[in-house]
Structure formats: C-alpha cells, structure tokens
Number of protein chains: 2
Amino acid sequence: MDKDEILKALANPARMDILNWLKNPEEHFPTQEHPFEMGVCASQFERCGLSQSTVSAHLGTLHRAGLVTSKRVGQWIFYKRNEETIATFLQQLTQDL
Amino acid sequence: MDKDEILKALANPARMDILNWLKNPEEHFPTQEHPFEMGVCASQFERCGLSQSTVSAHLGTLHRAGLVTSKRVGQWIFYKRNEETIATFLQQLTQDL
DNA sequence: AGTATAAATCGGATTTTCTCGATATATGGA
DNA sequence: TCCATATATCGAGAAAATCCGATTTATACT
C-alpha cells in the first residue's frame, strides 16, 4: 500500500467521481445485464464526459494504487472498489497525518 | 475547506514531510530561540534539501489549503499545523471516500 | 476466417507542477 | 539611513499529468 501513490490517485476530480459512483452503482448507472455485485463495466464511466482512452487511463491509475479491483468477464472488465485497501489507507492516513 | 485542494497539497512527498516534521518539531529541528509552540521558522524546512524559494512555495501551498497557519514575529514567520482543518478533512474524507 | 464490441496502449498536444536562481519586500539593528 | 537577514515573488526550464484520436489486443459471435 503506497500512501503517496494513493494520494496522487485521489487528487483528481474525475477519479474521485469514479470512486464515489462505485459506492452506489445502482444510483449512478443504468441497470446492466450482470449484477452490480460483480462491479461496473469500464465503459460506463464515460458518463463523466471523458473519452474512452482517458477513462481507461484513470481506471488504470486507480487500479495501480489498489483502490479498485478488476475482473474480466467475457469481453467486459468489471471494476469494484477495493474497500479493504481504502479502509487501511484511511486508518493509516488518520494515524500518520 | 476545499477537499480537492487539500488532497493535491498532500500528494507531494516534500509537503507531507513538512507536515510530519511539524508534529514533533523538537525531534526534527535544532532548538530555536522562540518556543516550538509558536511554530517553526520557515527557513528550517530547507533541511529537506530544496531551495529557499521552493520551500516557500510548498509552505504557500500548504497554507492556501489551510493545512498550516503562519504567524509573523519580527523578521521570521512561524508555521504550525492547523490541527482543526486536518481533523475536519480526515473526518470528511473518511465519510466521503 | 471474418466481423463486432470492449478495453488498453500509443503518439502527441496542452496544461500543470516542480524546481531553481535572481530579485523584490519586510523587518531589525547599527 | 544603511546593511543584514528572512521570506515571497518572478521568470524560466524540466518533468509530470491530462486529454484526445488512432491503433492494437482480447474476446465473442456467426
């Protein structure tokens, strides 16, 4: 868990939006074929108004920081919050900061 | 309290170091004429190996984000952590993230 | 094999951040 | 008033982040 990498990942409005939307997928995304417990399909995040390649880069940044997990299902990749890492990060930041 | 501005301010190792050193000034800085309760003199932070102007810019960033307060005493400016803002930020981040 | 869809990667343009040395401003003391 | 010290600001160069369209890769379906 690289604290600095996580802070850099969080210091961007679009990535923060993505993390927030993932808290309640059913409120922010149209119903999808697979249940939201599997995660949210990457292309759904283009709703933030950014291009496919940019969204993919943001998801990559969040993933490298450990803030989300991804799972390939057929031709789709589903993203979920990594609650464990997020909780650990918050605890550590609260201690260290 | 601008959460995004604070996150950007924290997403930098030098600024994080400064905030951490300010938690225990007596452990990180040589004894100074004025008590550490007043804060730490700006020039002390050059111990991070950066130039005077760069350190000044970092302190400015932390100050604009509300993470530190400053107080002029004679020709010196003393910096202290703003524990209130830091605590509020941590609470809000724990809620929002 | 050929086509379609989803996502990652590439190449490049623009913007922001980081850093420095030089200069300006503010204060204190001789 | 003149000089010394502390800090901020300016101007510029280097590095990193942001974003896009185009291309590549992976998978599925026919």
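**Notes on the two chains and the DNA**

1. The surface near DNA strand C has, by class, nine nonpolar, twelve polar and one charged residues. The model is a predicted one. In all, 22 residues surround DNA strand C, and the closest are A:S43, A:S53, B:S51, B:S53 and B:T54.

2. Which elements supply the surface near DNA strand C? At least two residues each come from α4 and β3 of chain A and from α4 of chain B. The largest share, six residues, belongs to α4(A).

3. DNA strand D likewise has its own list of neighbours. There are 22 residues around DNA strand D, of which A:S51, A:S53, A:T54, B:S43 and B:S53 come nearest. Sorted by class, the surface near DNA strand D contains nine nonpolar, twelve polar and one charged residues.

4. The next point is the contact between the chains. Twelve residues of chain B are in contact with twelve residues of chain A. On the side of chain B that touches chain A, two or more residues come from each of α1 (3-10), α2 (13-21) and α5 (83-96) of chain B. That side is made up of nine nonpolar, one polar and two charged residues. Of the interface residues of chain B, 100% are also interface residues in chain A, so the copies meet through the same surface.

5. Chain A holds an open sheet of three strands in the order β1-β3-β2, with antiparallel pairing. Its edge strands are β1 (40-41) and β2 (68-73) of chain A, each of which pairs on one side only. Strand β2(A) is joined by six bridges to β3 (residues 76-81) of chain A, and the two run antiparallel. In this sheet A:V73 stands opposite A:W76, a residue of β3(A).

6. In chain B, three strands also form an open sheet, ordered β1-β3-β2 and paired antiparallel. Because β1 (40-41) and β2 (68-73) of chain B stand at the edges with a single partner strand each, one side of each is left without a neighbour in the sheet. Two bridges join β1(B) to β3(B), and these strands run antiparallel. B:C41 stands opposite B:F78 in β3(B).

7. At what angle do α2(B) and α4(B) pack? The angle is about 70°, and the axes are 10 Å apart. That makes α2(B) roughly perpendicular to α4(B). From α2(B), the residues B:A14, B:R15, B:I18 and B:L19 meet B:H58, B:T61 and B:L62 of α4(B). Together the residues of this contact between α2(B) and α4(B) comprise four nonpolar, two polar and one charged.

Note on methods. Residues are numbered from 1 along each chain as its sequence is written. Chains are lettered from A and ligands numbered from 1 in the order in which they are written. This is a predicted model: local features need pLDDT of at least 70, side-chain atom pairs count only at pLDDT 80 or more; totals for chains, interfaces and linings use all residues. Two residues are in contact if their C-beta atoms, placed from the backbone, lie within 7 Å. A residue is near a molecule or strand if its C-beta atom, placed from the backbone, lies within 6 Å of it. Ala, Val, Leu, Ile, Met, Phe, Trp, Tyr, Cys and Pro count as nonpolar, Asp, Glu, Lys and Arg as charged, and the others, Gly among them, as polar. Two strands pair if DSSP finds at least two bridges between them. Helices (H or I, at least four residues) and strands (E, at least two) are DSSP runs, numbered from the N terminus. Axes are lines fitted to C-alpha atoms, for helices over the stretch in contact, and angles run from 0 to 180 degrees between N-to-C directions. Angles under 35 degrees count as roughly parallel, over 145 as roughly antiparallel, 65 to 115 as roughly perpendicular and the rest as oblique.
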